[in-house]
Protein chains: 4
Amino acid sequence: MSLVETIARIRGEVCALHAELTRYELVVWTAGNVSARVPGQELMVIKPSGVSYNDLTPEQMVVTDLHGQPVNGDATGEWGNPPLSPSSDTAAHAYVYRHMPDVGGVVHTHSTYATAWAARGESIPCVLTMMGDEFGGSIPVGPFALIGDDSIGQGIVETLKNSSSPAVLMQNHGPFTIGKDARSAVKAAVMCEEVARTVHISRQLGEPIPIDQGHIDSLYARYQNVYGQ
Amino acid sequence: MSLVETIARIRGEVCALHAELTRYELVVWTAGNVSARVPGQELMVIKPSGVSYNDLTPEQMVVTDLHGQPVNGDATGEWGNPPLSPSSDTAAHAYVYRHMPDVGGVVHTHSTYATAWAARGESIPCVLTMMGDEFGGSIPVGPFALIGDDSIGQGIVETLKNSSSPAVLMQNHGPFTIGKDARSAVKAAVMCEEVARTVHISRQLGEPIPIDQGHIDSLYARYQNVYGQ
Amino acid sequence: MSLVETIARIRGEVCALHAELTRYELVVWTAGNVSARVPGQELMVIKPSGVSYNDLTPEQMVVTDLHGQPVNGDATGEWGNPPLSPSSDTAAHAYVYRHMPDVGGVVHTHSTYATAWAARGESIPCVLTMMGDEFGGSIPVGPFALIGDDSIGQGIVETLKNSSSPAVLMQNHGPFTIGKDARSAVKAAVMCEEVARTVHISRQLGEPIPIDQGHIDSLYARYQNVYGQ
Amino acid sequence: MSLVETIARIRGEVCALHAELTRYELVVWTAGNVSARVPGQELMVIKPSGVSYNDLTPEQMVVTDLHGQPVNGDATGEWGNPPLSPSSDTAAHAYVYRHMPDVGGVVHTHSTYATAWAARGESIPCVLTMMGDEFGGSIPVGPFALIGDDSIGQGIVETLKNSSSPAVLMQNHGPFTIGKDARSAVKAAVMCEEVARTVHISRQLGEPIPIDQGHIDSLYARYQNVYGQ
């Protein structure tokens, strides 16, 4: 498959995955985005800025380099970038791809419950077997950071590089999630909101029972190796 | 485009925007409304009173003057007003258009979380970067006002004229939002409920971390100037 | 229109109105029901017991007398009652029609927030202008009553006969609502859950501001006389 | 009907019932499963592991013995098991079928409110007539148990064998429900989340009023014998 064909395929996937963000009500209006690394290239594909989810088409997905600059093609051909700016969060996604070579997908939302924890700067404790499975422990908080430079990207990478969690709650802002590909990062965004909601609701009427770290480690090891097909 | 054609276009837009109110669950039954100013005219277009959202058609949108009186046409022709009364909130919308010349759209809902803050008469503090972006600070509360005269309109205008926020929470009543056009006012209504919900949920389990006013100002300035296409 | 034709029309309306209960998420599985009085007759039309909302057809709606006994026709003809038992709440609906001659429709749900107030035996205070409009005051609580005789019907009638509210919260059970016809009773069920939710959420973080009874009376009088077409 | 035909029918039912889990928002991504016993056989039918709900087809449902091992056919013919692993919760379902001969269906979800009670290890008190009807008392909590052996199945059976409740909240994990067939178990899962949510919300603002055990017994006896067609 040529690079032009590969990019067409990834644009289709990235576009379609935004429908999961609306389906699970992780985003309103235009406030969230999915990106994917182009495997083996210094390129990524990301949502354009401020376009409604209903109106998204694969052709509108913007191809950029790993500093967030749109790139229209290379020696092998043109892939027809649209006349649209990439997401205003592109710099943060690009920073993650530059510094975490195993990451193939990044997602950002302001999903309600995860953002509620983020507004208090509080990590989500691991009190559900589902959290042990997916996150291998608590979901950590990253620093407050303003948009406009590498601060957000740095905060994500610093927080996640030594964590089993694929999700970080950026303080006062919302969750960023990573995965081996864009679909995995979307799954992490869905599960992050699910456990943020369930643990929040549990704590409204008392303290959830902690799970021993040994049990969490067992759950995580098994799920990462045995679950699925 | 003739005035008759312009009004037909605006009726289509105002009718379609009501679908965003139901999509984001900002309204139940018939309890909410969108209006738009007819640019350059002393006219506005608004939902009829008490008609179900599912049954709305563009032709049912009522054209009124900026005192809320239905107007059927002018020297250039008839635009065929329906035999329907305009929204019972028409006077409030009209007052806003008369006193805020830059406003092109007004929305009123009783969306759950925004109305919950309104029932306590409490403004929503700016503890989310998304609030800094959209509202430039807290979302203010307007006075208790009875329907039937200019009290509601006055309360909206008095509260918003010195605020960066496009949303006001009318005490014991619910949010009104404004925008440069009807679509912007609908977006403000969606974002108002989103931040009302997220900050409410965050505060259920502790105090959210405040954001410095300097950071809020940066977020707001950037978002108003850079975001989108 | 013959009585057979009238019953066919009412069956269609009662069947269709159940879709509003699912649309506004007032019911799960088969747990809720709508009925209508047949005007001028000692007859009513109600949902069959234990049938899924998705499977409901007009022909399945059961015609009963005002003691809840199925009736298949009269001297003017047969209306083809289905071989289905009427709702297990039929006795309560019938009791209301016998004792409140102006009531043309009754609805029962276990909608979440209204039932949460009912489980505490606590009436919903009137702290929203929307409540003033629709309910003219607080939404009252009725007694605990077991199904199987007239206890539930008596509790509804005793509570509502001297109240402006078309909704009663039966203790530990859930809301019953009434209206001049089935559509009005469904609207009251939708608005009851909406205000139950909004006032609940408002009270989670403090006390809502009361509305003066004089203002409530003004809102109620105006809404009952002026709103809509 | 031959066994091959019976299995085809059950696969269709089990597949279709997963749509009720998503419709009532009891599951996200792939986190929940339905199974059914094949009547009169040492066989069961269950969802494959890690397949999206949208993509499920009847042919993908896996037939296993009552120790969870896939079985492709018997002397009467092949039923064409797919090349997919059964749900990672298969061992727990199988254990229930081995030890509770009247159970024909089992469901597992991580539905939000039921799981929130489970995370605190707290049973849901019977304060709603709907709970009396369906559960005949409180919904009990089962032990913390790791996936991988019979611990979860044992915890379910030990908790439910002396209870009228068809639902158990496994600590830190989520609800398992049983029924005479898969549809009944799905109904129990839906009603479990409904009462978990309503009682949670009721308790947020005070203590719900208890229902006398004699009244609960009356409700349960009547509902199990009279309700429905």
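**Exercise 1. State how many salt bridges the model holds over all chains, and examine three of them.**

Step 1. The count comes to 40 salt bridges over all chains, where a salt bridge is a side-chain nitrogen of Lys or Arg within 4 Å of a carboxyl oxygen of Asp or Glu. The model is predicted: local features need pLDDT of at least 70, side-chain atom pairs count only at pLDDT 80 or more, and totals for chains, interfaces and linings use all residues. Side-chain values use heavy atoms, with hydrogens and water left out, residues are numbered from 1 along each chain as its sequence is written, and chains are lettered from A and ligands numbered from 1 in the order in which they are written.

Step 2. Side chains of opposite charge can pair when their charged atoms come close. A:Glu158 and A:Lys161 form such a pair, at 3.3 Å from N to O. Buried means under 20% relative accessible area, exposed over 50%, and partly exposed in between (1.4 Å probe, protein chains only). A:Glu158 is partly exposed at 49%, and A:Lys161 is partly exposed at 45%.

Step 3. C:Arg23 and C:Glu20 form a salt bridge at 3.2 Å, N to O. Both lie in helix H1 (residues 3–23) of chain C, 3 residues apart, about one turn of the helix. Helices (H or I, at least four residues) and strands (E, at least two) are DSSP runs, numbered from the N terminus. An α-helix has 3.6 residues a turn, so residues three or four places apart point the same way. C:Arg23 is partly exposed at 36%, whereas C:Glu20 is buried at 15%.

Step 4. D:Arg98 and D:Asp150 form a salt bridge at 3.6 Å, N to O. D:Arg98 lies in helix H2 (residues 90–99) of chain D and D:Asp150 in the loop between strand S7 (141–142) and helix H5 (151–160), so the pair ties together parts that are 52 residues apart in sequence. D:Arg98 is partly exposed at 27%, and D:Asp150 is partly exposed at 31%.

**Exercise 2. Name the residues of chain A that a network of salt bridges links, then describe the fold of that chain.**

Step 1. The network links A:Arg120, A:Glu122, A:Arg203 and A:Glu207.

Step 2. Chain A has 7 helices and 9 strands. Its radius of gyration (taken over C-alpha atoms) is 18 Å, close to the 17 Å that the globule rule gives for 229 residues, so chain A is as compact as a globular protein of that length. The globule rule is 2.2 Å times the number of residues to the power 0.38.

Step 3. Of the 229 residues of chain A, 62% count as buried. Among contacts (heavy atoms within 4.5 Å) in chain A between residues at least 6 apart in sequence, 64% join residues at least 24 apart.

Step 4. No contact joins chain A and chain C, whose closest C-alpha atoms lie 11 Å apart.

**Exercise 3. Decide whether helix H3 of chain B is enclosed or open, and find what covers it.**

Step 1. In H3 (residues 112–120) of chain B, 9 of the 9 residues are buried, so the helix is largely enclosed by the rest of the structure. Among them are B:Tyr113, B:Trp117 and B:Arg120.

Step 2. The cover includes strand S8 (167–170), strand S9 (174–179) and helix H6 (182–204) of chain B, together with helix H6 (182–204) of chain C.

Step 3. B:Gly121 follows H3(B), and its phi is positive, near 65°.
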